[in-house]
Amino acid sequence: MLLRGGEVHSPADPFATAMVVERGHVAWVGSEGAADAFSSGVDEVIDLEGALVTPAFTDAHVHTTATGLALTGLDLSAAAGLQEALSLVRAHRAAHPGDRILLGHGWDPTRWPEQRPPSRAELDEAAGGRPLYLTRIDVHSAVVTTALLDLVPGVTSLTGYHPDAPLTAAAHHAVRAAAHGAITARQRAEAQRAARHRAASLGIGTLHECAGPDISDEEDFTALLKLAAEEPGPRLHGYWAEQITDEKGARRVRELGAVGAAGDLFVDGSLGSHTAALRDPYADAAHRGTAHLDAAAVAAHVAACTEAGLQAGFHAIGDAAIGTVVDGVRAAAERLGLARIRAARHRVEHAEMLTSETISAFAELGLTASVQPAFDAFWGGENGMYARRLGADRARTLNPYAALLRAGVPLAFGSDSPVTPTDPWGTVRAAAFHRTPEHRISVRAAFTAHTRGGWRAVGRDDAGTLVPGAPADYAVWRTDELVVQAPDDRVARWSTDPRSGTPGLPDLTPGRPLPECLRTVVFGRTVFVRPNE
């Protein structure tokens, strides 16, 4: 296939307007004049009509089934307040009379005028006395009805149970297992297809599924891997977040089809739910959050994974949790040697509350920071949720992408969908226009973290860019004039000079429309075409 008459974003030729794809790989990129030599020898010629071609995005942290359930079911993320959320619950109940357990996601009281979650009595009324499970937007706590609690014997004695407040910890895990157990195989497959289709429609060619025994189950995970292998759509790399200590555990993770014992292996929780582990107390709560693993457990997991040739990884948000990960990985390096630890490319998910010391440690240990810039767009800023939880001074230190890049820490961008939506260009914009100016990075660096960075996070250095020999995973976009945007205007001025040879990208200035995906291709196979195009 020859694509011509557009703009091809490629380091092989910053002025490329054409590309040849053969047997699932990029065969050539170059100028319009040189494309004439290929036109008679290809099976198909596509006139791009000025469109932009880029590598397909990689979303390095998603929960596919949960994303699909939010897309096809009850999504409260857009609710403007508590009463609107309760109205949506009533409407969903009426529309699904046959569901054994009602499922929903996305409530965020920090964005509501009431500044509180729904009470159990309010939910019992809205759900008409039926079992209902509603996850907070960060998925680290949930509110439920009395009818659902009645289906989970012993839940009131578990850690994290509160008579009339969101459930966390073991109590949350118990009601989640009951709720997810009511999902039929057909509902699950429909949700997974919906999530993969949405991703493809946004130019996403690869998803990193972050599953595990505390957030999903083995049946869901293996069914998703099977569906992704059999049906067209984005590639899928599955992580299973189960702690291991030996080769037997590593073998079990591999047998599930996972590429690593990583993803959401929880060292702590989230800031929104007051469960991220902090060194100092929350500004709006008299405690330091919840720690799930200590440094010795981290070290044992990393050592076992490294010796088995398996990627390890952890969920860590608070500064205490990140410090625990660093101490544990460093202890594993002292045992096995730094070179082996660095070669394994272990990951840390979220990594929000970093210090200069932990950033340096990430670089030293070869840890990939798998991060979600939309978190700052949603909850950062002087008046955001982070400032309420931590105080303005601590909140300003969160998500320091520029410092990570300066230290040489590999970045992989994702959404943590359904926590924040799959929105790749919005993610790039959020990193380039971070609410804290000193943490901003160039659009080009952010774009790289959301394309090539995701491939590097799974150990592939030969993908995520449109150069000869790379997998033909790409997207075609309708967009306005291409520019070069960087936090330092001097860089932008030089980069737009033709002598710099810097390929442009869409103007992502806040308020401007984002690019529109016209086509997404994975390994040379079209997985999405916008209707009427």
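How many helices and strands does the secondary structure of the protein chain come to? The secondary structure comes to 21 helices and 23 strands, where helices (H or I, at least four residues) and strands (E, at least two) are DSSP runs numbered from the N terminus. The model is predicted, so that local features need pLDDT of at least 70 and side-chain atom pairs count only at pLDDT 80 or more, while totals for chains, interfaces and linings use all residues. Residues are numbered from 1 along each chain as its sequence is written, and side-chain values use heavy atoms, with hydrogens and water left out.

Along the principal axes, the C-alpha atoms fill a box of roughly 75 × 55 × 50 Å. Of the 533 residues, 56% count as buried (under 20% relative accessible area, with exposed over 50% and partly exposed in between; 1.4 Å probe, protein chains only). Among contacts (heavy atoms within 4.5 Å) between residues at least 6 apart in sequence, 72% join residues at least 24 apart.

An open sheet of four strands has the order E4-E3-E1-E5 and mixed pairing; two strands pair if DSSP finds at least two bridges between them. Its edge strands, E4 (25–30) and E5 (45–47), each pair on one side only. From one strand to the next, the twist averages 20°. Strands E1 (residues 2–4) and E3 (residues 18–22) run antiparallel and are joined by two bridges, with Met19 of E3 as the bridge partner of Leu3. Helix H1 (residues 32–39) packs on this sheet, touching E1, E3, E4 and E5, and its direction makes about 155° with that of E1. Axes are lines fitted to C-alpha atoms, for helices over the stretch in contact, and angles run from 0 to 180 degrees between N-to-C directions.

A further open sheet of four strands has the order E8-E9-E10-E11, again with mixed pairing. Strands E8 (74–75) and E11 (142–144) are its edge strands, each pairing on one side only. Strands E9 (residues 102–107) and E10 (residues 132–136) pair in the parallel sense over five bridges, and Leu102 stands opposite Leu132 in E10. Helix H6 (residues 169–181) lies across E9, E10 and E11, running at about 125° to E10.

Six of the six residues of strand E15 (residues 311–316) are buried, so E15 is largely enclosed by the rest of the structure. In a regular strand the side chains alternate between the two faces of the sheet. Gln311, Gly313 and His315 point one way from E15, and Ala312, Phe314 and Ala316 point the other way. Strand E14 (residues 260–261) pairs with E15 in the parallel sense over two bridges, and Gly260 stands opposite Gln311.
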